[in-house]
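Subject: Structure handover

Hello,

Here is the structure for you to look at. My notes on its charged side chains follow below.

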Amino acid sequence: MSNEIEIAEDKGLEIVDRTYVELKESWKNVESKHDMSVALIEDKDCEHEETWIEELQKSFGDAMEKEVSYVHSKAAAGKKAMDEERLQETTKKDQEKMEKMVQQMTIKRKTSEIVFQQLVEDVKPVLEMDCITAALKKAQEGLDAAVADCKEANDKYLELLDKDKADAEFIWMKNIQKEYNAITSRIAVGIAKEQEKLKKLESTSKSKELCNLRLEKLKMPTFDGDIRQYPATYEAILHMLEQSTLLRVRN
């Protein structure tokens with residue numbers, strides 16, 4: 001048995017275990033033969049024999065320590081490899097999950113953009129019509145909901161992107177907001193014009209009503225020649241004339 005035991009290469013646990021089993025068997029044989037030898041030799045030679053066996057015992061102990069160290073290092077390396085494999089699997093699953101979320105948010109973002117653009121196109125011809133206040137208000141409500149969906153999709157999408165891609169997303173939302181502001185401004189102008197037209201129509205209608213007013217003709221009392229009715233008829237005529245004069249003065 002050599003005095004120097006080294007595990008110079010990574011032979012694997014199975015080979016190392018088999019080698020150390022053989023080493024242990026060899027050590028048992030050495031111990032057994034040493035005991036037999038000591039029993040047969042004289043006392044003066046025992047000192048040399050004990051020195052020899054102690055050196056071998058030390059070498060054997062060193063070898064066993066190296067085996068334990070090797071087994072522990074292999075176990076640690078195996079655990080590390082398993083941990084790395086689990087980490088890679090977890091990372092892969094997280095990446096797949098992230099990619100799926102990005103795909104879903106991309107679809108939602110595109111869908112919300114299509115809805116918004118369609119509403120913008122639908123409202124443009126309405127702006128050229130008359131008497132469309134109700135239609136414009138309904139279109140405004142639809143645009144408000146659509147741009148809110150775009151903002152929600154934008155916010156969630158930004159959470160999944162890195163800085164470089166996020167810059168492009170900022171530009172996308174900026175363009176959506178710009179188009180929204182432009183079309184809603186036109187809607188506001190259209191509603192204001194329509195309301196102004198209604199006010200003018202109401203004013204014109206009231207003026208016509210006033211022009212069409214006619215004062216009721218005064219019904220003058222008649223005198224049939226009966227002298228007895230003359231005083232009463234005369235007083236009635238004076239009273240009506242006074243009322244007519246007061247009415248003209250008030251107006």
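First, a definition: a patch is made of residues with over 30% relative accessible area and no salt bridge, where like charges are joined within 9 Å and nonpolar side chains (Val, Leu, Ile, Met, Phe, Trp, Tyr) within 5 Å. Accessible areas come from the Shrake-Rupley method with a 1.4 Å probe, and for residues only the protein chains shown count as cover. Lys and Arg count as positive, Asp and Glu as negative; His and the chain ends are left out of the count. Each charge is placed at NZ of Lys, CZ of Arg, CG of Asp or CD of Glu.

Please keep in mind that this is a predicted model: local features need pLDDT of at least 70, side-chain atom pairs count only at pLDDT 80 or more, and totals for chains, interfaces and linings use all residues. Residues are numbered from 1 along each chain as its sequence is written, and side-chain values use heavy atoms, without hydrogens and water.

The negative patch

On the surface, Glu31, Asp35, Glu50, Glu54 and Glu55 gather in a patch of negative charge. Helix H1 (13-40) and helix H2 (43-126) are the elements that give two or more residues to this patch. (Helices are DSSP runs of H or I, at least four residues long, numbered from the N terminus.) H2 gives the largest share, three residues. Glu55 lies in H2. Its relative accessible area is 45%, so Glu55 is partly exposed. Buried means under 20%, exposed over 50%, and partly exposed in between.

The salt bridges

Side chains of opposite charge can pair when their charged atoms come close. A salt bridge is a side-chain nitrogen of Lys or Arg within 4 Å of a carboxyl oxygen of Asp or Glu. How many salt bridges does the structure hold? There are eight. Three of them are worth a look.

- Lys58 pairs with Asp62, with the closest N and O atoms 3.4 Å apart. They are four residues apart in helix H2, so about one helical turn separates them. Lys58 is exposed at 56%, while Asp62 is partly exposed at 32%.
- Asp83 pairs with Arg86 at 3.1 Å between the closest N and O atoms. Both lie in helix H2, three residues apart. Lys79, Asp83 and Arg86 are linked in a network of salt bridges.
- Lys110 meets Glu113 at 3.9 Å, N to O. Lys110 is partly exposed at 44%, whereas Glu113 is buried at 16%.

Best wishes

How values were computed:
Buried < 20%, exposed > 50% of the residue type's maximum accessible area, 1.4 Å probe, protein only.
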